[in-house]
Amino acid sequence: MAAHTGVRAAGADVEPDGPVHDPRAASRNPRSRPLDGVALCLSGGGYRAMLFHVGALKRLNELGYLPRLSRVSSVSGGSITAGVLALAWPDLHYDPTHTTAANFDELVVAPLRSLAGRTIDVRAIVSGIVVPGQTISHRIESYYRKHLFGDRTLQDLPDEPRFVINATSLQSGDLFRFSKPYLWDYRVGEVPNPAIPIATAVAASSAFPPFLSPATLTFPEGAFVSSGGNGLAHPPYTRRIALSDGGVYDNLGLEAAWKACKTVLVSDGGGHMADKPHPAHDWLLQSFRVTSVIDNQVRSLRKHQVIDGYISGAREGTYWGIRGHVADYNLPDALPCPPEKTMAIAAVKTRLCRMSRETQERLVNWGYAICDTAMRAHVEPDAAPGEFPYDGGVG
């Protein structure tokens, strides 16, 4: 596969305990293994990212990439999409070439578009405030359970590819991974073969702060197994877990993929910090602004790390983002996507709020188009151009 090209970023070496380890240090990681396989990362960004990723998945399905995936790593809105894809996985019916699933729209697109027609964040906040014994995160979980996942648990996920749903531990300050083989915070330990509901995992992954966060999980004594040298393998860290949106730690869902796979495809439907000519001077509003700056910098560093990894040859694959421009890929037959139209799509708020049919279709079309452009420019140069899934293009 050809490597993505882009702007040179900072050096590849990072601190050993940083967000993504230096590949040369893999032998020091007890969970490391030789890099192999294809990973797909699905970023956070509420319903906006959820539907943007739907478009990208539609194009990857057409390109025959779904059966080639060995890992899907997701955060926040991307975890909603990943959870639906994971449950649909055993029932996807592929064409005679075993590359394209003919019932993808029925099993993946339809339920996600149905959810996007419902507002659940405001309802959860109101219920969590006025109903005794109900937390906001529990309400979000109940909506996911009702509309998407039912009572299915992490043990209902497929063995291959490995689906990793990421949240952030507010206690250890590190990534908390939900997967079929284990729950894991490297500083606390792991819970093998967890029977946690998928709705619970996705609710924790999408517990956007401060309103939808934290999501809390409780475990009996002895549930966690120490993985050695982590320092927090004791109560209260092993008994009551406080989690926030996975994007707080890693908005691209990159870490769980980068450490395991040689080829990494990144779909980024994340938000953007707006410019502010007159920032507030009072302590509260200034604190919100400073937090936004920190968050924006973390997102930028993750993106730079991905591009640098492609350029250096540490990884193969490509990155596409909701704020990207098809012209940057220098692909002569890219689908028409005027920047003024795509930037309007990218400006959709990070909410779990009802979207019109038109907005849904533009988001799906844009995710499809930019994925098509990135994949054909840097991974599958011989592939024929795709066509927008819905009439109207990007607006």
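**View 1. Strands β5 and β6 of the predicted model run antiparallel and are joined by four bridges.** Strand β6 covers residues 189-192.

**View 2. Strand β4 pairs with β5 in the antiparallel sense.** Two bridges hold the pairing, and β4 spans residues 175-178. F178 is the residue opposite L183 of β5. A hairpin is formed here too, with three residues between β4 and β5.

**View 3. The side chains of β5 (residues 182-185) point two ways.** Y182 and W184 point one way, while L183 and D185 point the other way. In a regular strand, side chains alternate between the two faces of the sheet. Y182, L183, W184 and D185 are all buried.

**View 4. I120 lies in the loop between α3 (104-116) and α4 (121-130).** I120 has a relative accessible area of 0%, so this residue counts as buried. Leaving aside residues up to four places away in sequence, I120 touches Y47, I140, Y143, Y144 and L352. R139 is 19 residues from I120 along the chain, and the C-alpha atoms of the two are separated by 8.5 Å.

**View 5. A nonpolar patch on the surface is formed by V122, V126, I129, V130 and V131.** Together these residues have about 440 Å² of accessible area. One of them, V131, sits in the loop between α4 and α5 (136-149). V131 is partly exposed because its relative accessible area is 36%, which falls between the 20% and 50% cut-offs.

Definitions and conventions:
Residues numbered from 1 in each chain as written. Predicted model: local features only at pLDDT ≥ 70, side-chain atom pairs only at ≥ 80, totals over all residues. Heavy atoms only, no water. Buried < 20%, exposed > 50% of the residue type's maximum accessible area, 1.4 Å probe, protein only. Contact = heavy atoms within 4.5 Å. Patch = residues over 30% accessible without salt bridge, like charges linked within 9 Å, V, L, I, M, F, W, Y side chains within 5 Å. Areas by Shrake-Rupley, 256 points an atom, 1.4 Å probe, with all protein chains shown as cover. Salt bridge = Lys/Arg side-chain N within 4 Å of Asp/Glu carboxyl O. Pairing = 2+ DSSP bridges.
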